[in-house]
Amino acid sequence: MTNRPLLLVTGGSRGIGAAVCRKAAAQGYDLLVNYHSNAIAAEAVAADCRAFGANAEVVQGDTATEAGIESIFQAVDRLGSLHGLVNNAGVVDATARVEEFDRARLDRMFAVNVIGKIRCATEAVKRMSTKHGGQGGVIVNISSMAAVIGSSGQYVDYAAAKAAVDTFTVGLSREVATEGIRVNAIRPGIIDTEIHASGGLPDRARDLAPIVPMQRPGTADEVADSVLYLLSPQASYVTGALLNVSGGR
Ligand code: NAP
C-alpha cells in the first residue's frame with residue numbers, strides 16, 4: 001500500500017485503457033490494470049506504470065461475468081482503498097445491419113458494454129461512497145460518439161449500448177452527488193486503436209479520417225488526457241458530464 005490514490009482501469013491492457021494507465025502512473029496514481037485475454041500486454045502496461053513509481057498490478061477478469069467482477073474487486077480490496085474507476089472495457093462486433101444481429105451477439109454486446117460497466121460502478125460505489133463509510137472518489141465511463149450518431153449499417157447495437165452508458169452516467173452522478181463521488185463519461189470519436197481490427201475493419205480509423213472535421217483520427221493518449229482531467233481535482237465541480245473527444249465529429 002502507498003499514499004498514491006488507487007485507480008482501477010478495466011480493459012487497461014491495450015488501446016485507450018493502456019494510455020490511461022500510463023498517464024495516471026506518471027501523474028501519481030497506483031494502478032490496477034484489468035484485462036480479459038491479453039496477459040502479456042497487461043503486464044507490459046503494469047511494468048511501464050512501475051517505471052513511473054507506481055505500485056501497479058494486473059488482474060484478469062471478464063467484466064461481463066460475475067466471476068470476473070469478483071476477481072477484479074478482490075484484487076482492489078487487497079491493494080487498498082479505491083479512489084477511482086475508469087470503466088473502459090468495451091467491445092464492438094463485425095459490421096452488420098440490424099436484421100443480421102442474432103441473440104448471442106446482442107447478449108455479448110450488452111453484457112460487456114452495459115451490464116459490465118454498471119456492475120463495476122456498483123462495486124466502486126460500495127467502496128467509495130461516504131454513505132458506506134468510504135472516502136469518496138471518481139468514476140469515468142468510456143462511452144462513444146456512436147451513442148449520438150447511431151452507427152447505422154455498422155453496429156447500431158454498440159451505439160445503443162453506449163447510449164445506455166450515457167444515461168447511466170447522468171443518473172448515477174445525481175444519485176451519488178452528495179456522497180463524495182463524481183461520475184462522468186467521455187465520448188471518444190474515431191480513435192486509432194486495435195478495436196477496429198477486432199470488428200473486422202483494421203483500417204477503419206484511417207479510412208474515416210475525411211469525415212472528421214479535424215480530418216484525422218484521435219489517439220488513445222488524447223482520450224487519456226481528458227480522462228485524467230475528469231479524475232483530477234481540477235474537475236471538482238464536474239459531474240454528470242458527457243465530454244466529446246472526437247475532433248468535432
Ligand atoms: P481495444 O484497443 O480493443 O482494447 C479493449 C480493451 O478492453 C483491452 O484491454 C481488452 O482486454 C479489454 N476488454 C475487452 N473485453 C473485455 C472484458 N469482457 N472484460 C475485461 N476487459 C475487456 O479498445 P479501445 O479502442 O481502447 O476501446 C476502449 C473503450 O473505448 C471501449 O469502451 C470502446 O467502446 C471505447 N471507444 C473506442 C473508440 C475507438 O475508436 N477506438 C471510439 C469510441 C469509444 P484484452 O487486451 O485482454 O483483450
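These legends describe close-up views of the ligand and its pocket in a predicted model.

**View 1. Residues around the ligand.** The ligand is surrounded by 33 residues. Ser 13, Ser 37, Asn 88, Tyr 158 and Thr 193 are the closest of these. Sorted by class, this shell holds 17 polar, 11 nonpolar and 5 charged residues.

View 2. The side chain of Tyr 158 places an N or O atom 2.6 Å from an oxygen atom of the ligand. Asn 38 takes part through its backbone, where an N or O atom lies 2.7 Å from a ligand oxygen atom. A polar backbone atom of Gly 189 is 3.4 Å from an oxygen atom of the ligand. On its own the ligand has 910 Å² of accessible area, and the protein covers 95% of that area.

**View 3. Elements around the ligand.** The ligand takes up the space of the largest pocket. Two or more residues of the shell around the ligand come from each of helix H1 (15-26), strand E2 (30-35), helix H4 (103-128), helix H6 (156-175) and helix H7 (195-198).

**View 4. The largest pocket and its lining.** The largest pocket holds about 1000 Å³ of space. Its lining is made of 47 residues, and Ala 89, Gly 90, Val 91, Val 92 and Ile 195 are the closest to the pocket centre. H1, E2, H4, helix H5 (146-149), H6 and H7 each give two or more residues to this lining. By class, the lining of the largest pocket has 21 polar, 18 nonpolar and 8 charged residues.

Key: Residues numbered from 1 in each chain as written. Predicted model: local features only at pLDDT ≥ 70, side-chain atom pairs only at ≥ 80, totals over all residues. Heavy atoms only, no water. Near = heavy atom within 4 Å. Polar contact = N/O pair within 3.5 Å; in protein donor to acceptor, adjacent residues only side chain to side chain. Areas by Shrake-Rupley, 256 points an atom, 1.4 Å probe, with all protein chains shown as cover. 1 Å grid on protein atoms, 1.4 Å probe; cavity = no way out; pocket = protein on both sides within 12 Å on 5 of 7 lines; lining within 4 Å. Sits in = over half its atoms within 2 Å of the grid points. Helix = DSSP H or I, 4+ residues; strand = E, 2+ residues; numbered from the N terminus. Nonpolar A, V, L, I, M, F, W, Y, C, P; charged D, E, K, R; others polar. Points joined across faces, edges and corners; volume = space filled by probe spheres on them.
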